[in-house]
Amino acid sequence: MNRLQRVVLSLVLYSFYNILPAGAEISNHQIFYRQDKRAPLTRIDIVFLGAGSNQELPAQIGIANTVSKLILESAKNQGHINQLAILGTELYVFANTTSLTISISTLSENCAESIKIVRDVIYNFDFSESDLEKVKKQRVADYQNHLRRRPDIFMRNFALAQTKIKKRYKPLKMLKGLSAKDIRQYHEQLQKTEVVFFKTVSNRDSTEVAKLLRPIIEDRKSRLLQREQADGFVHSFVPPVIDHHFGPSAFIFDSNSKNVGCSWLIPYGSISGPNYIPPMISMTLGRYGARGLLYKYFRDKLGLVYSTGIDYRSSEYVRFLEIYADPQLHNSEELIIKMSRFIRELRDNPRFWKAIKESRESRNVVYAHAHELLTPQRRLDSEVYRAIYNPPTHKGGSKSITDAEVRAFLERFFVPENMIMIFVGPKDHIIDILNKHLPEVDIRVHDVKELIE
């Protein structure tokens, strides 16, 4: 696969997994299936829809991931992990924003026995206070390691929380406050989840897979008949009404580094809306390492940065674009001034409109080719995504997106009052730059320790 194909394939996959518009419905115990005869292997994901981080209470942020770790710890203590290993089966438990998933990857011939063990993992969950403390210590270590390796993620989450775009973000404080009672209540809700569905990739046919899953389906039905469904997780997608003008604000993290880390976050809508314009803008400016306008202008022409680019992301119910750059200290003033101006004036940049035209004319053919490169697992993920979120489409693809639509987007969101900036470097130096050139910015100085406390 050449570089262009990789870039566009990444765009395809992003549009499948990260655009989260208005919800549709999935039937309880629905099986999403793709056959893959390349190897005698089966992967089954048991997805508890609604048990993800979006539905965590404000005082219990992080509980979904903590329960995931404890389920694995319980499975290990009860010997289930060893039983599965003998069968050539790996067990995974993880949570995302919308769901908690218990997954197995196994030899197809051992599916039936593996599923029976997983049923015990789900319903015979047990842990001690020492297990909880062990998992908490692991998660604290994970936070600290992650902070060392990717502080930018924590800074971004912190800034979004401080500007009320996402939930309050104090991971260590929340983690320390979780009790055994909280965990057991969460797991009780998990067992009563209204909709549980299955994702399967296997060399076995769909009827065989359906038979293999009967023990879990029938056990759930039996248990739910014996007790009311109330208090279980229910998937709901009701994004808040959001005013996207949170800035201009600047979060400064003091550092003596020779390079100044710079980010501009541009919130542009709730995840229930269409998302066909931001990919077009980001590819033009330089997403996935492509040498777009940002690189050509700020690196090639001005020589102000080592690297620069743009990503588009989602956080809970909000999506945003992130423009980043890493000027050396002596170039930081000029870079901050010119990047802020570049963002504000993008709608009147002739180079941008020329690149948009070229993108519109060339992208659809490669996009269609990239879709053909999707693996069965990727196609399955796409099908499930569409079933849950029913994403809006834009007829005619990127060629049908007009300049007027792109301009309206830029005029609404690429404005000073919609910019959240994050800077890592000598705080006095950065404050002087902002006070001199961007006096309207709300400056907030923070310590890196605040990111996980």
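In this predicted model, ring pairs join Tyr-268, Phe-409, Phe-413 and Phe-414 into a cluster. Two members of this cluster, Phe-409 and Phe-413, are also among the buried residues of helix α16, which are Val-406, Phe-409, Leu-410 and Phe-413. Viewed down the axis of α16, these buried residues fall within an arc of 95 degrees, so they line one face of the helix.

Helix α16 (residues 403-413) packs with helix α11 (residues 277-285) at an angle of about 85 degrees, the two axes lying 10 Å apart; α11 and α16 are therefore roughly perpendicular to each other. In this contact, Ile-277, Pro-278 and Ile-281 of α11 meet Glu-405, Val-406, Phe-409 and Leu-410 of α16, and the contributing residues divide into six nonpolar, no polar and one charged.

Across the model, the count of aromatic pairs comes to 14. One of them, formed by Phe-32 and Phe-197, is edge-to-face, with 5.6 Å from centre to centre and 75 degrees between the planes. Because Phe-32 lies in strand β1 (residues 31-35) and Phe-197 in strand β5 (residues 195-202), this pair ties together parts that are 165 residues apart in sequence. Both Phe-32 and Phe-197 are buried.

The rings of Tyr-143 and Phe-154 have their centres 6.4 Å apart and their planes at 75 degrees, so this pair too is edge-to-face. Tyr-143 belongs to helix α5 (residues 129-149) and Phe-154 to helix α6 (residues 151-162), and the pair therefore ties together parts 11 residues apart in sequence. Tyr-143 counts as buried at 13% relative accessibility, and Phe-154 likewise counts as buried at 3%.

Terms used. Residues numbered from 1 in each chain as written. Predicted model: local features only at pLDDT ≥ 70, side-chain atom pairs only at ≥ 80, totals over all residues. Heavy atoms only, no water. Axes fitted to C-alpha atoms, helices over the stretch in contact; angles between N-to-C directions. Helix = DSSP H or I, 4+ residues; strand = E, 2+ residues; numbered from the N terminus. Parallel < 35°, antiparallel > 145°, perpendicular 65-115°, else oblique. Contact = heavy atoms within 4.5 Å. Nonpolar A, V, L, I, M, F, W, Y, C, P; charged D, E, K, R; others polar. Buried < 20%, exposed > 50% of the residue type's maximum accessible area, 1.4 Å probe, protein only. Arc of directions from axis to C-beta. Phe/Tyr/Trp six-rings, centres within 6.5 Å; stacked < 30°, edge-to-face > 60°.
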